[in-house]
Amino acid sequence: MDKGIGLRTRLLLFVTGMVVLCFTVTLVVIVGRAYDAVQDQAMARARAEASMAARDVARMLDSAMAVAQTLRLSIEGARVAFGSERPLVDAMQRRVLEEHSDLLGVYTGWEPQAFDASDAAFVGTPGHDASGRYVPYWNRA
């Protein structure tokens, strides 16, 4: 009387297979959605972090630009009031560097003979290039 698998067994196998199939499909859908959600959160956090870093860098660069513009105006004013005094400009730059711990260096660069038309007198001295051109650079080193 062996007629193969009985109706009860076939029904049980069919129902079990359907349950496993539904469970697998549900699991795949849930995992996919969870992965997408985590990825979206990670990208949002990365964007927020990048935005904060960009603001910090912009703030630092704006501050350095303000210092540079103020130094330029101060040097121009000192040249008008006191004439072209290289030691005075050196002292101004050194003081700016002392007051702004976030700066690594301060410098100005002048075209030949543009500062005071006496570059030849300064050939080979500190803060000048080989032609005597005034190019002081003050740094923390």
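R95 is partly exposed, with a relative accessible area of 46%. The model that contains this residue is predicted.

- Side chains of opposite charge can pair when their charged atoms come close.
- R95 and E98 are both in helix 2, where three residues, or about one turn of the helix, separate them.
- E99 and R95 are four residues apart in helix 2, so about one helical turn separates them.
- An α-helix has 3.6 residues a turn, so residues three or four places apart point the same way.
- E99 is partly exposed, its relative accessible area being 48%.

**Salt bridges beyond a single helix**

- The structure holds seven salt bridges, including one between the side chains of R86 and D116 at 2.6 Å, N to O.
- R86 belongs to helix 2 (residues 86–99), whereas D116 is in the loop between strand 1 (105–107) and strand 2 (137–139); the pair therefore ties together parts that lie 30 residues apart in sequence.
- R86 has a relative accessible area of 3% and is therefore buried, since the cut-off for a buried residue is under 20%.
- D116, the partner of R86, counts as partly exposed at 25% relative accessibility.
- R86 and D116 also belong to a network of salt bridges that includes D119.

**Overall arrangement**

- The protein contains two helices and two strands.
- Starting at the N terminus, these elements follow the order α-α-β-β.
- The C-alpha trace spans about 120 × 30 × 25 Å along its principal axes.
- The radius of gyration of the protein is 37 Å, whereas a compact globule of 141 residues would have one near 14 Å.
- Of the 141 residues, 15% count as buried.
- The protein exposes about 10800 Å², and carbon and sulfur atoms supply 66% of this area.
- Among contacts with a separation of 6 or more, 57% are between residues 24 or more positions apart.

**Helix 1**

- How does the span of helix 1 agree with its 76 residues? At 1.5 Å a residue, helix 1 should span 112 Å, and its end C-alpha atoms are 111 Å apart, so the two values agree.
- V67, L71, I75 and A78 are buried residues of helix 1.
- The cover over the buried residues of helix 1 includes helix 2 and strand 1.
- Just after helix 1, G83 takes a positive phi of about 85°.

**A nonpolar patch on the surface**

- L11, F14, V15, M18, V19, L21, V25 and V29 form a nonpolar surface patch, and together they have about 730 Å² of accessible area.
- L21, one of the residues of this patch, lies in helix 1, which covers residues 7–82.
- L21 is partly exposed, with a relative accessible area of 49%.

**Positive phi values in the loop**

- Most residues other than glycine have a negative phi, and most peptide bonds are trans.
- Q113 is not a glycine, yet Q113 has a positive phi of about 65°.
- Q113 is found in the loop between strand 1 and strand 2, and its relative accessible area of 40% makes it partly exposed.
- A117, also a residue other than glycine, has a positive phi near 60°.
- A117 is in the loop between strand 1 and strand 2.
- Is A117 buried or exposed? With a relative accessible area of 55%, A117 is exposed, because exposed means over 50%.

Notes. Residues numbered from 1 in each chain as written. Predicted model: local features only at pLDDT ≥ 70, side-chain atom pairs only at ≥ 80, totals over all residues. Heavy atoms only, no water. Patch = residues over 30% accessible without salt bridge, like charges linked within 9 Å, V, L, I, M, F, W, Y side chains within 5 Å. Areas by Shrake-Rupley, 256 points an atom, 1.4 Å probe, with all protein chains shown as cover. Salt bridge = Lys/Arg side-chain N within 4 Å of Asp/Glu carboxyl O. Buried < 20%, exposed > 50% of the residue type's maximum accessible area, 1.4 Å probe, protein only. Expected span 1.5 Å × (residues − 1). Contact = heavy atoms within 4.5 Å. Rg over C-alpha atoms; globule rule 2.2 N^0.38 Å.
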